[in-house]
Amino acid sequence: MPSAEKTVQIGRTPDDVFAFLARGENDARWRPNVLDVARVSGEGVGARYRQGLKGPGGSRIPADYEVTGFEPGRRLAFQATGSVVRTQGEYTLRPTDGGGTQLTLKLAWQPSGLSRFLGPVVGKTFEEEIAALDALRDLLEGES
């Protein structure tokens, strides 16, 4: 099962970081592959988002998702619903000395059927998503 994981330290409280992540519309501010994202229903667990990612030649690839775990200041989990690739992800947040946050993003994908042939593309996407955590840290630490 393809997977990826990364941890970053952010100089903001877990509550601040969680609040930013929990508002999915913020994703376009720090994830370079996100073209558009909007909440279409719900809040907390069960919230659903319509999302478009950059595809080959700049085309829009649907990558809708649903929130599957919601523990303010501690954990935010999601599952892709709008594509062939049913990625699962989870942010875990832990307080650090000095009032900051240790943020870990874990991504996983269980290929099935013809989607098995997308492994290299999914792997590249996972690498880009994990790398974007540095942009998230820089953005949040630049805000007051």
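Hi everyone. Two aromatic rings, from Phe, Tyr or Trp, count as a pair if their centres lie within 6.5 Å. Please keep that in mind, because ring pairs of this kind link Tyr49, Tyr65, Phe78 and Tyr91 into a cluster. One thing before we go on: what you see above is a predicted model.

Let's start with the rings. The structure holds four aromatic pairs. One of them is Tyr49 with Tyr65, a stacked pair with 4.9 Å from centre to centre and 10° between the planes. Where do these two tyrosines lie in the chain? Tyr49 sits in strand E3, residues 48-54, and Tyr65 in strand E5, residues 65-71, so this pair ties together parts that are 16 residues apart in sequence. Are they buried or exposed? Tyr49 has 5% relative accessibility and counts as buried, and Tyr65, at 10%, counts as buried too.

Now to Phe78 and Tyr91. Their ring centres are 6.0 Å apart and their planes meet at 40°, so we call this pair tilted. Here, too, distant parts of the chain are linked: Phe78 belongs to strand E6, residues 75-80, and Tyr91 to strand E7, residues 88-95, which puts them 13 residues apart. Both of these residues are buried.

On to charges. Side chains of opposite charge can pair when their charged atoms come close.

Arg48 and Glu66 form a salt bridge of 2.7 Å, N to O. Arg48 is in strand E3 and Glu66 in strand E5, 18 residues apart, so to speak a link between distant parts of the chain. Both ends are partly exposed: Arg48 has 33% relative accessibility, and Glu66 has 24%.

Finally, please look at helix H2, residues 119-142. Asp134 and Arg137 form a salt bridge there, with 3.2 Å between the closest N and O atoms. What separates them along the helix? They are three residues apart, which is about one helical turn. Asp134 is partly exposed at 26%, and Arg137 is partly exposed at 22%. Through shared partners, salt bridges join Lys6, Asp134, Arg137 and Asp138 into one network.

Note on methods. Residues numbered from 1 in each chain as written. Predicted model: local features only at pLDDT ≥ 70, side-chain atom pairs only at ≥ 80, totals over all residues. Heavy atoms only, no water. Phe/Tyr/Trp six-rings, centres within 6.5 Å; stacked < 30°, edge-to-face > 60°. Helix = DSSP H or I, 4+ residues; strand = E, 2+ residues; numbered from the N terminus. Buried < 20%, exposed > 50% of the residue type's maximum accessible area, 1.4 Å probe, protein only. Salt bridge = Lys/Arg side-chain N within 4 Å of Asp/Glu carboxyl O.
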